[in-house]
Amino acid sequence: MSTTLQDSTSNQDEITLATTVAVSKQDHTVVNDNSDNQRHEAFDFPKSKRFQSSTNLIEDMKHTNREMNYNENNNSQQTSISSTKTSEIDEGLYSRQLYVMGKEAMHQLASAHVLISGMRGLGVEIAKNIVLGGAKSVIVHDCDNVDFRDLSSQYYFTESNIGQNRAEIANKHLCELNSYVNVTFSSTIIDETFLQKNKINVFILTDGNLDDQIKIGDYCHQHRIKFINGNTKGLFGQIFCDFGLNFEVFDANGENPLTQIVTEITHDEVGVVFMSTVTRHGFEDGSYVTFHGVKGMTEVNDREFKISVTSPFTFIIGDTRSFGSYEGGGTVIEVKKSEIVHFKSFSESLKNPEMLVCDFSKMSMPINLHLAFQALSYFEKQYNTLPKPWDDVDADKFYEIVEKLNCEQVLTNELNKHWIKLFAKICTGDLCPMQAIIGGIAAQEAMKAVTGKFMPIRQFFYFDAIECLPENIFQLSNEITIESNIIPKLPTKLSRYYSQEIVFGEDFQEKLGKSKYFVVGSGAIGCEMLKNFAMMGIGCLKNGHVDLADMDSIEKSNLNRQFLFRPWDIGKMKSTVAAEVVKTMNSNMNVHAYVDGVLPETEHIYDDHFFEHLDGVVNALDNVKARQYIDRRCIYYQKPLIDSGTLGTKASVQVIVPFLTESYSSSNDPFDSSVAVCTLRHFPNLIEHTIEWARDNFAGLFTIPPQQAEEFLRKPNEFAERTTKNHSEYDKTEIIKNIKCILGEERPKNFIDCIKWSRNLFEQQFHNTIAQLLYNFPYDHITSKGDRFWSVNKRCPHVLKFDVNNELHLDFIVAASNLLAHMYYIPQIRDRKLIAKEVVKVHVPEFKPKTGVIIHENDEQLRADLERQKNMSTIRTNSQSENDVEVKEILSRLPNYDDIVDIKIQSHEFEKDDDTNFHMDYIVATANLRAENYDIQKADRNKIKRIAGNIIPAIATTTAMVTGLVCLEVYKFVQHHKKIESYRNAFINLALPFFGFSEPVAPKHKKYFDKDFTLWDRFEVKGDMTLEEFIEYFKHEHKSIPNMVSAGLSIIYSPPFIRKTSIAEDMKRKISELVEIVTKTKIPAHVRCLTFDMLCDDLEGNTVKDVPYIKYTFR
C-alpha cells in the first residue's frame, strides 16, 4: 500500500493531495517512474545533501510499493456502517478506560475523525485499538487486495479473502467492535476534498514508501492535520508523530495529582509548608499547588502557589505575613499545568531527527534504523525490488546505500553493518507480535493527538527485536562470524505463515506448530495473546495445542478491551468464547478451553500429566496471588513462564526461564501500604480513608451479618458447632450480636421501618460517634507530651446535623433504606420525595456522650486491647468445663429457631458495576459524608467507584503492545535460547512515554557441600520408600542425614517429635503412608509426586545450612 501524489504548477506555496501537487523546484527533484504504466507519477522527492550525485541516484530508483489510488476516476466507493451516536460516554462500556483517560479526554476522543491508510497487519491493529477506544469515526483505507503475504499478521483475513479489497474485508470485522464508532472503508480518491468532507483530525499512514511519507506528512503539517507514520519491517518498527506547532499537552503523565497532609505553615517572609515525614511529598521544584481545608491561614485555601522545594518534606510558597496564623488541618494538592510542544514536519525531521530511545543497551540502534528505513525506498527505486530475504549480495548493496545516505548528511559515526544487513535480510517479513507492539503504541499516539492527554513521542520512535533471531545470528556487534551467515530454510510455498517464514524459516514454523502452550486467563491480555498465537501458528499442527483457562464470564465492561467478545456474548464463559472466535482467525489452531480456575483446588484437572507435556506457560492474570501460584507450578514442573500485566498506560513483562532466571516470586512484594486501623476508624485525613471506611461499613451492615444469619437459618446446629470451633469468645459475641440484630424483633417489617433505621444510622455514624470522639478528645486536647492532639495527621472532626434538603444527606437515606429493604425482601421504593416526606417524621433520640468509652489513639493501643480481650477470653474458657462452650451454649444465646424459621433474608454481594442496586450510591454518600465530618475534600462517583471497587485502569493500546512483547519472548522459548542476555524484561509507560528493557535477573545461587544450586534444583527421589530406606538413600546418594522432613506445615519425620514407642513402626512405613497418617488426609488419586522440605546434617554430624527441596515420586 502506498499513496501517489502528482505535480502541478497551480500553487507553488502549498502541498496538495491527489491530482495537484506544487513544490519549489529549487528544493525538490521531480522523479518520474515510467516503468509502470498503472502508476501515477511519483512523489516529488527532496534533494538530499547526503549524496554527491543525488539526482542520478534517485532517477535510477523505481517504485514497487503498492499504492493508494488517488485517481478521480476510481470507481471504488467509501462505504459506511451506521452506528448508535450519543454525546454521553457509556460508563458501563468504557469504565476501565475512563480511569485511564478521564471524562474530558474521552469526550474529545469521541469527537475525533481518524483516517488509517493501509489495512495490512499494522493498519488493522491500529484501527482495532482506536475503534475500541471510542473515536467518533474511523475510515480504513486501502486500494489493494489481500494476498498470502498479508495473512501472517492480518487476523481478519483468511485464504478465502485473497483477491478481495483489504479495507472492505477489515471493515466488516472492525465495525463489530464498538457500536458507538462509525467505521467506514474506502478505496477511492483521497484528496483535500476527501479530508475536509470527513473532517479528518488524524491521518495515520502505514506501509507507505518514503515518497508517500514525505508528501503526506508535509501536507498534514501545513494543513494542521495530526500525522502519524507507522511501519514494520520484519523485526524492526518505526513510528513518527507530527501534531503541529503549539500542540498543547494538558496532562503529561496521567498520574493523579499528588496530595499531602499539611502539618504546619510558617507565618513569615518565605512561608515554609511542612508535611508529614512518614513519606516524601513528591512535589517538584517549580510545580504548582493549591490548598484545601487549612484553618487559621484560610487565605491559602483554593489559591494556586508556585513552589520551591527545600526538602523531601517541605517547600516554600512565598510571603505569608499578610495571612492569618496557621491553626491546623489542610491538604495540599498538585495543580497540573499544560505544556506546549512544537513538532517539525516529516521532511524536516528526516534531516534533523529527534528520537526516543527505547533500549539503552543499543543506543545507536535508532539512528541506524532511521537510515535503514529511508534506504529501503532508495533500494526499491534503484533495483525495482526489495532486498531478497537472507541474501548477502542484496544486503551488501543495501548497506552501500545506507553509507551514501549517511555521507550526504552525517547523522552518525556509529553505523553498524551487522544491524543494517540484518534489516535488509528480514525487511520483507511480517510478524504479528511486531504489529501488536507498533500498533498499540501508534494507536495511543493517535489518542494523544486528539485529546492532549499524555506526552506524545517526539518525534521518531524505532524498535527492534533482533534477539528473536537465532543466538548465533543476532549478535550485537559489527563482527560477523561464519556462524552468523547461517540462512534459515526459506519458504518454498505460499501459506498463511509465508511472511513469518521469511524471518525464521520453514523449520522454525514447524516447531511453532507443534508447540504446546498454556494461556492462563482469557481477559484482555488473554484475548490478544490468542490472536497473536493464531497468527504465529502456535499449536496449529497435529501434535501441537494451546490450552486456555478462565473461570470468569463476559461482562459489558470487558468489551472495551477484550476484542474477541461481542455484546451477544455477555454472560458466556470467557475461555469458551475466546477459543471459538480465535478458531475463525486460524481454523488450524488446536485450542482447548477450560472453565475452571488454576488453583490448588483444581490440581486434579491441571495435574502432572497436564503440565509435563507443556512447552511453556503464559500468564494473563490480574492479581498477584494467582501469579504466584502459577509461578510455583512452573518452578515445580521446570517450565518457562512469561508474566505480563498492565495498569492503565503502564505495562510490564517478566521472563522466567528454568535454571537461567529468577522466578516471579523471587522479587520482594511491594511495601504494604495499607492504612492503619485507627486512622480509618477515628482519624481519617484523606478521601481514600473515608472510601475504605465506607466499603468496610457496607460489608459490616449488608454483607457479613445477613450471611451469618442465612447460615444459621439453614443449619443452626452446624453453624453453632463451626462458630464454637473456629472463633474466639470475642468473635463469638460479635457473631451472636449480628444474628440477633438481623433476626430480632427490631428487624424492619415494611419500608417505613427501613427509613427509620436509615435515619438512626445516619445519626449514629455522622453525629453520635463524632460527638463521642470530641468528648474524649476535645478540640483543645493536649497530649501527655504537651502537644496538640488534633495536629499533624489528625484532623479535628465536627458533627453533621441531618438536613433533608441536603442532597447528599437524602442520598444516604435513599440508598440505606433500599439496601435494608432488599435484605428482607421488602419491596423497594425509589421515590425520593416520598422518602424525604417520611424521614422528617422519624424521632431521633438525643445523644449524650458517655464516660469510660475507650477510643484508641493508635494501632499499638488497639492491638494491646485486643490481646487483653483474647487473654480474658482464654481465661474464661479455661475456667469452665468443656460443655459450657459447646453447641448448646451457643444456641442458647441465639434467637429461638422456631420463632425465626420463616424469616427470609438475603445478603448484598458488593457489585460496583450495577447502578441500580444502590451499592455505589451508599458508598459514595457514606464516603463523602464522612469526608464532610473531617473537612476532607469530597470525591466524585467515578473516583470512589475506582477505589472502592479496586478497579484496575485499563486500555486496549497498552494490552495490545504488551502481548506483542510477550510473544517476541515466546519466539525465543521455541528456539531454546541459552543466554540470559537474549531475553528481555520490560517496563513501559505509554503516557510519558518511557520504554525500559533489561536482561532478566539470574537466580540466586546457594551451596550445600561443594554443590551449587538454585530454586530450580531439587532432589529427585523415585519410588515409594519406607522411612528407613529414605534415610539410607540420602546417606548413600547425597552424603547427608535427614533430621527433619516436612510436607507443608506437617512434620513427617523428626526424631525429637516421634514417640519412642512408634519410631520402629514408623521406620517400616512407606513415606506415602506416613504422610496420610500425619496429615489425616488421603492422598488424592491424581497425585503422583509429593514435595518435601528437609533439614539435614553431613555424615560427620555438622548441620547443612541449605539444601534443595525434594520431589518424591511414589506412583
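## Rings, charges and a sheet

Phe 610 is buried, with a relative accessible area of 9%. Here, buried means under 20% relative accessible area, exposed means over 50%, and partly exposed is in between, using a 1.4 Å probe and protein chains only. Keep in mind that this is a predicted model: local features need pLDDT of at least 70, side-chain atom pairs count only at pLDDT 80 or more, and totals for chains, interfaces and linings use all residues. Residues are numbered from 1 along each chain as its sequence is written, and side-chain values use heavy atoms, leaving out hydrogens and water.

Now for the rings. Rings of Phe, Tyr and Trp (its six-membered ring) pair if their centres lie within 6.5 Å; planes under 30 degrees apart are stacked, over 60 edge-to-face, and the rest tilted. That rule gives 63 aromatic pairs. In one of them, the centres of the Tyr 594 and Phe 610 rings are 5.7 Å apart with planes at 90°, so this pair is edge-to-face. Helices (H or I, at least four residues) and strands (E, at least two) are DSSP runs, numbered from the N terminus. Tyr 594 belongs to strand S23 (residues 591-594) and Phe 610 to helix H17 (residues 608-612), so the pair ties together parts 16 residues apart in sequence. Tyr 594 itself is partly exposed, at 22%.

Phe 702 and Trp 757 make another edge-to-face pair, because their centres are 5.9 Å apart and their planes at 70°. This one links distant parts of the chain, 55 residues apart: Phe 702 in helix H20 (residues 687-714) and Trp 757 in helix H23 (residues 751-776). Phe 702 is buried at 0%, while Trp 757 is partly exposed at 28%.

Charges can sit over rings too: NZ of Lys or CZ of Arg must be within 6 Å of the ring centre and within 35 degrees of the ring normal.

| Charge | Ring | Distance to ring centre |
|---|---|---|
| Lys 128 | Phe 563 | 4.7 Å |
| Lys 794 | Phe 789 | 5.3 Å |

Finally, have a look at the sheet. Seven strands form an open, antiparallel sheet in the order S14-S13-S17-S11-S12-S16-S15. Two strands pair if DSSP finds at least two bridges between them. Strands S14 (304-306) and S15 (308-311) are the edges, each pairing on one side only. Inside the sheet, S13 (residues 288-292) and S17 (residues 331-335) are joined by five bridges in the antiparallel sense. Which residue in S17 is the bridge partner of Tyr 288? Val 335 is that partner.
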